Amino acid sequence: MEFEDNTRTRNHYIGDLNYHIIFSTKFRRKCLSKIKNELYDEFRYCESKSHFKIKTMKQDKDHIHLLVNIKPTYSLGQTINRMKQMTTNYLYRNERSRLWLRKFYWAKRLTVWTHGYFASTIGQISEEIVWNYIENQGK
């Protein structure tokens with residue numbers, strides 16, 4: 001069940017947890033611009049198979065900003081690990097993006113993202129400000 005203000009409720013919780021998340025590419029390689037469509041498709045696929053909703057996302061050459069709503073029963077770490085794993089695996093299964101990424105990452109291990117990330121909770125008052133900030137990335 002969801003309220004009019006998008007607050008989620010289940011048997012044991014009521015909540016609305018929104019996060020501004022930033023992933024950077026490994027070694028800050030500027031490799032995301034040519035695989036933008038594949039990247040966005042995979043984040044949307046990951047969203048459809050998971051416990052979070054992506055409200056908006058924009059990528060720059062070496063990082064991506066996401067505004068994400070996560071169920072309170074899952075940790076932020078679990079969600080981020082799932083996003084990074086699924087997007088990396090998809091990008092390397094897609095021939096076009098794999099050939100492009102191999103120009104930047106030639107190790108046997110499949111890699112796109114750094115181990116770290118930025119995450120910040122946002123309140124409902126500042127959601128519009130964060131939304132506008134993310135939408136203006138890469139301009």
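Predicted model: local features only at pLDDT ≥ 70, side-chain atom pairs only at ≥ 80, totals over all residues.

Modeller: Strand E3 and strand E6 (residues 118-122) run antiparallel and are joined by five bridges. Two residues of E3 show how the pairing with E6 is laid out. Ile-21 has Ala-119 as its bridge partner in E6, while the E6 partner of His-20 is Ser-120.

E3 also pairs with strand E5 (residues 63-70), again antiparallel, and here eight bridges join the two. One of the residues involved is Tyr-19, whose bridge partner in E5 is Val-68.

These pairings belong to an open sheet of four strands, in the order E4-E5-E3-E6, with antiparallel pairing. Strand E4 (52-59) and E6 are the edge strands, each pairing on one side only. On average, neighbouring strands of the sheet are turned by 20° against each other, direction ignored.

Helices lie against this sheet as well. H1 packs on it and touches E3, E4 and E5, and its direction makes about 170° with that of E4. Helix H4 (residues 127-135) packs on the sheet too, touching E3, E4, E5 and E6, and in this case the angle with the direction of E4 is about 40°.

How enclosed is E3 by the rest of the structure? Of its eight residues (17-24), seven are buried, so the strand is largely enclosed.

Phe-23 is a buried residue of this kind: its relative accessible area is 0%, and because buried means under 20%, it clearly qualifies. The count of aromatic pairs in the model comes to four. One of them is formed by Phe-23 and Phe-43, a stacked pair with 6.3 Å from centre to centre and 25° between the planes. This pair links distant parts of the chain, since Phe-23 is in strand E3 and Phe-43 is in helix H1 (residues 36-48), 20 residues apart. Phe-43 is buried as well, with a relative accessible area of 0%.

Phe-23 also pairs with Trp-113: the ring centres are 5.5 Å apart and the planes stand at 55°, so this pair is tilted. It too links distant parts of the chain, with Trp-113 in the loop between helix H3 (95-101) and E6, 90 residues from Phe-23 in strand E3. Trp-113 is buried, as is Phe-23. Taken together, Phe-23, Phe-43 and Trp-113 make up one aromatic cluster.

His-65 is buried, with a relative accessible area of 2%. Its side chain makes a polar contact with the side chain of His-63 at 3.3 Å, and another with the side chain of Gln-137 at 3.2 Å. Leaving aside neighbours within four places in sequence, the residues in contact with His-65 include His-20, Ile-21 and Ile-22. Among its other contacts by that count are Thr-56, Met-57 and Lys-58, along with Tyr-133 and Ile-134.

To sum up, E3 is joined to E5 by eight bridges and to E6 by five, and Phe-23 brings it into an aromatic cluster with Phe-43 and Trp-113.

Key
Residues numbered from 1 in each chain as written. Heavy atoms only, no water. Buried < 20%, exposed > 50% of the residue type's maximum accessible area, 1.4 Å probe, protein only. Pairing = 2+ DSSP bridges. Polar contact = N/O pair within 3.5 Å; in protein donor to acceptor, adjacent residues only side chain to side chain. Contact = heavy atoms within 4.5 Å. Phe/Tyr/Trp six-rings, centres within 6.5 Å; stacked < 30°, edge-to-face > 60°. Axes fitted to C-alpha atoms, helices over the stretch in contact; angles between N-to-C directions.
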